[in-house]
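Take a look at the chain below. We will start with the whole and then walk through a few of its parts.

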Amino acid sequence: MAIAKATTPRKSGLVEHGPGYASGFGDLPRNLNVNTITAGIIATVFGCTGPALIVMNAAATGKLTQAQTISWLFSIYFFGGLLGILLAGYYKQPISGAWSIPGAVMLASAIPLFPFNQVVGAYFIAGVLVLLLGISGLIGKVMRWLPGPIVMAMIAGAMIRFGTGIVTSVQKAPLIAGIGLLVYLLMSRLTKKVSPVLGALVAGVIAALFFGGFKFSAVNVQWIAPQVFWPEFSLGSFLSIGIPLAALVVGAENAQAIGVLMAEGYKPPINMMTIVSGIGGIVTSFFGGHNANIAGPMTAICASSEAGEDKNGRYAASIVNGVTFGAFGLVASVAVPFVKALPADLVSLLAGLAMIGVLVSSFEMAFASKKFKVGAFFALVIAMSGITVLKISAPFWALVGGVVVSLLVEPKDFESNA
């Protein structure tokens, strides 16, 4: 049985919206409500805080100029947001666009090894590789063959850090995060009309203002325009950056997003998500950005129950996310000081609270079935470990490890899954 059947979580089946499902954005206004707007903004707050600092750290390690750094930020946020708007609006599914966080982490050690134009060339090649994988349809075939429980276990393991972030944020900032969590729990009990995550956000911001959680540093705010860079190619940058980055985009971000959408009952356009991620990587390379692709964690936030009970309307959360995410890219040089001022523990709390529904669904679907239990367990713990092998991050190896273990221990489950 293919993964699309194996992961049907509700009686209503998978939500399969295709091209032309709705005319343009005509039904967007009625789907813009407190829940979708809150989920979209929470996803943006997550994507524009800690992850932005990762890029800035990688740029500093690579000794990039301020103009190169701002251009990098512009490209991945603006074009990432644009991808989310286009895909979410076209397919009417909560597909958010962003960029590869593991890719930015990897680049911290790789950028100093090459001239920046060769780094740009490697970004371009990575985009081409992802594009070719999407056009070939290979990624779609692989994802349909993968056992559903193993995919869901990978999602649970990769996203569990957001759940544990709820606990660690309260430990580190008991007044700010603790008040936010308390308001979330009370609102979850008292009302269903207003998103409890919105309540946690408002309460957390008020608490941070009252207890001095915001740290506005003395940074010179100025507008810096994006730059255009011409790619140069070298074998070293191709092997060190191009191939690992392409693997991360497909094996980490896209795989997570696809799994999350399936966990929430959607039938995602797998090949098109890969094709668009490849195009995004090609375009951003000319502005010094490492990739614009489908977002794993942000898709999870927008696809969760926090975006509303009506699954057909959750795509509006990704539209909100895309607009605000892209806007951050346009004003990156001005917005960075404010990013540095946000309390990191409050952001961690909000991301964790928004992920609760996705985590619960993923665990249920990973282990409710009697099939692939051992493989799913190994996929879970490998994803949770956060290991990096050959510069490829844990989600990819979780899928590989889970499948290999099941082939060795549970081969009969594959026969019934065919």
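**From the whole chain to its parts**

The accessible surface of the chain comes to about 16,600 Å², and carbon and sulfur atoms hold 70% of that. Keep in mind that this is a predicted model. The chain has 418 residues, and 59% of them count as buried. Its secondary structure consists of 21 helices and 4 strands. Now consider contacts between residues with a separation of 6 or more. Of these, 85% join residues 24 or more positions apart.

Next, look at a pair of helices. Helix 5 covers residues 66-91, and helix 15 covers residues 315-330. Their axes come within 7 Å and cross at roughly 160°. Angles over 145 degrees count as roughly antiparallel. Helix 5 and helix 15 are therefore roughly antiparallel to each other. The crossing is left-handed. On the side of helix 5, the contact includes Leu73, Phe74, Gly80 and Gly81. On the side of helix 15, Gly322, Val323, Phe325 and Gly326 are among the residues that take part. By type, the residues of this contact divide into 13 nonpolar and 7 polar, with no charged ones.

A second pair meets at another angle. Helix 3 (residues 34-47) and helix 11 (residues 196-211) have axes that come within 9 Å and cross at roughly 55°. Helix 3 and helix 11 are therefore oblique to each other. Helix 3 passes helix 11 in a left-handed crossing. Helix 3 brings Val34, Thr38 and Ile42 to the contact, while helix 11 brings Val197, Leu198 and Leu201. Of these residues, 5 are nonpolar, 1 is polar and none is charged.

Helix 3 and helix 11 also lead us to helix 17, whose buried residues pack against both. Helix 17 spans residues 344-354 and is mostly covered, with 8 of its 11 residues buried. Those buried residues are Leu346, Val347, Leu349, Leu350, Ala351, Gly352, Leu353 and Ala354. What else do they pack against? Their other partners are helix 9 (148-172), helix 10 (176-190), helix 14 (296-303) and helix 18 (356-367).

Finally, zoom in on a single residue. Serine 100 sits in the loop between strand 1 (97-98) and helix 6 (101-110). Is serine 100 buried or exposed? Its relative accessibility is 0%, so serine 100 counts as buried. Which residues does serine 100 contact, leaving aside its neighbours within four places in sequence? They are Leu248, Val249, Glu253, His290 and Asn293.

Note on methods:
Residues numbered from 1 in each chain as written. Predicted model: local features only at pLDDT ≥ 70, side-chain atom pairs only at ≥ 80, totals over all residues. Heavy atoms only, no water. Helix = DSSP H or I, 4+ residues; strand = E, 2+ residues; numbered from the N terminus. Buried < 20%, exposed > 50% of the residue type's maximum accessible area, 1.4 Å probe, protein only. Contact = heavy atoms within 4.5 Å. Areas by Shrake-Rupley, 256 points an atom, 1.4 Å probe, with all protein chains shown as cover. Axes fitted to C-alpha atoms, helices over the stretch in contact; angles between N-to-C directions. Parallel < 35°, antiparallel > 145°, perpendicular 65-115°, else oblique. Left-handed = near helix turned anticlockwise from the far one by under 90°. Nonpolar A, V, L, I, M, F, W, Y, C, P; charged D, E, K, R; others polar.
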